[in-house]
Amino acid sequence: MDKTIIIGGKAGAGIKEAGRMLLGVLANLGYHAFGYVDYPSLIRGGHNFVSLRFSEKPVYSVDKKADVIIATDGRSIQAHLQDAKEDTVWVINEKEKLEGAIQVPFKEVAPGFFKSSSVLGAVLKLFGIPLEEGLPFILSLPEREKNEQIYRDAYQATPTVFELKKAGERKGDVLTGNECIALGAVDGGLEFYIAYPMTPASPVLHYLAERKGEFGIKVIHPENEIGVINMAVGVAFAGKRAMVGTSGGGFALMTETLSLIGMSETPMVIYEAQRAGPSTGVPTYTGQSDLLFCMFAGHGDFPRVVLAPATPEEAYRLTRDALNIAWKFQVPVLILGDKHLGESYYLSKVRREKLVEEPKLWEGNGEYKRYAVTEDGISPLAFPGAEGIIVKGTSYEHDERGITVEDALSVKKMQDKRLRKGETLREYILSREDTVAVGGVKGSDRVLITWGSTEGTALDVAEEMGFKVVRSVFLEPFPEERLKQEIEGANLVISLECSASGQFEKLLKMHGITPHRSLKKYDGRPFFRDELIDILREV
């Protein structure tokens, strides 16, 4: 069985909660499942929906056209008429009318309180799932007695249309990419998370703030993004591991300090969760159009790392690695995510393990030179407060001790040191096994080449359409040779991205890789599986 279910309603009505609980039930029944969340930039009101797809096979995306549409209000009926197929089963609120639809009492627990319990009851009965499967989720809600009664009422009022059998053992936990970014940072030794709320990065701030005591970290919300990044620089200068999180506009405000980070060689991790831009753009929707901005942000020449996870497991592991890479090489590491990865529901196995690697530290011999010239370009670290030494950090060009210089020889000497560190960093990154991910039909001569969360839909269509899927995990340093090896001999290479101007395609061409075709989507939504299949049939 492979079905897509849309659950729609007004913002604040518990639609996301209903989707997450349903995904939990499907997980307990042994199904693979994925949930796409769509909501407007409003606190309450407007229309939002969750689209869930489940199957006995792994799934990483949803279909645009749904097999079941749950409409808890009249607006949801109108909004999703375009998403219905001829045989779509509609379940609507008892107060609404639609020919052939099943009517169910989608009751709120109290005025203004959520309807998630009635939605869960209706969907479980529709699929013939025993009522007991949903009870643990209902009993975890506040107002548990009222919620249970409403859950039972909706269950009884709904006919059974499908017979969903148990598919096996549970495949993992329900997680979002943002939750895994947060957990990866904690296990990479995070001590301070500093952020100004900006969707779609905000859930990381909320998640860590709620658990700061459990994780033993400080979480700070300054006045704006300029304050965020400068405070983080001070924290790192003092020897504590810091990370900041933001989206495109917030990162734009941080870019002057990004150059300061480059000049002062400050270890820093920046999570940039892309929304659809430019400017304020479409805050609660997705895009991949900050790629080249992140690659080249800041003035002057300095080394950096840009990496892009595609799954919750990778979000966890790469964020943990990002903390260690930043401190090992004293560089900024940008984690480039997006709303689709950050807020979608995945069924995933993340095995947590704390991994904090010690950076190159000063051994205490002789005069301390913060910017000591070394063969690998990496200067040993010491921190203010250490007995008998002075630690100077600066945005100005400087000598080994951190004293301002302007003479030509000294300027070139320090620039060469930073470039040499960049080469050391490049060798380290490109020697990793995980710079490129390969999936789909690995022996195929038809290739979808992509990056970030777009890989999920590519993998979901690959087998049916006969494509190999190649993804660049690291974007700077760019794994040019690995990518060329993976597409060598291909008769058709298609770049796939959510960018209007084809930024990833441009990056590929910069490195001598010219795809035969480029598929771009830029309406704030990810590629849907059935949509991509239709597009590829035309290629």
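**View 1. Division of the predicted model into four domains.** In this predicted model, the protein is divided into domain 1 (2-171), domain 2 (174-348), domain 3 (360-431) and domain 4 (436-538), with bounds that come from an automatic or database domain assignment. Residues are numbered from 1 along each chain as its sequence is written, and side-chain values use heavy atoms, without hydrogens and water. Local features need pLDDT of at least 70 and side-chain atom pairs count only at pLDDT 80 or more, whereas totals for chains, interfaces and linings use all residues.

**View 2. The interface between domain 1 and domain 4.** The centres of domain 1 and domain 4, taken over C-alpha atoms, are 33 Å apart, and 11 residues of domain 1 are in contact with nine residues of domain 4 (heavy atoms within 4.5 Å). About 890 Å² is buried between domain 1 and domain 4, with carbon and sulfur atoms giving 48% of that area (the accessible area, 1.4 Å probe, that two parts lose on being put together, summed over both).

**View 3. The salt bridge between R525 and D38.** R525 forms a salt bridge with D38, in which the closest N and O atoms lie 3.7 Å apart (a side-chain nitrogen of Lys or Arg within 4 Å of a carboxyl oxygen of Asp or Glu). Between domain 1 and domain 4, the count is three salt bridges.

View 4. Among the buried residues are S116, G121 and K125. Helix 3 is followed by G128, which has a positive phi near 70°.

Technical notes: Buried means under 20% relative accessible area, exposed over 50%, partly exposed in between (1.4 Å probe, protein chains only). Helices (H or I, at least four residues) and strands (E, at least two) are DSSP runs, numbered from the N terminus.
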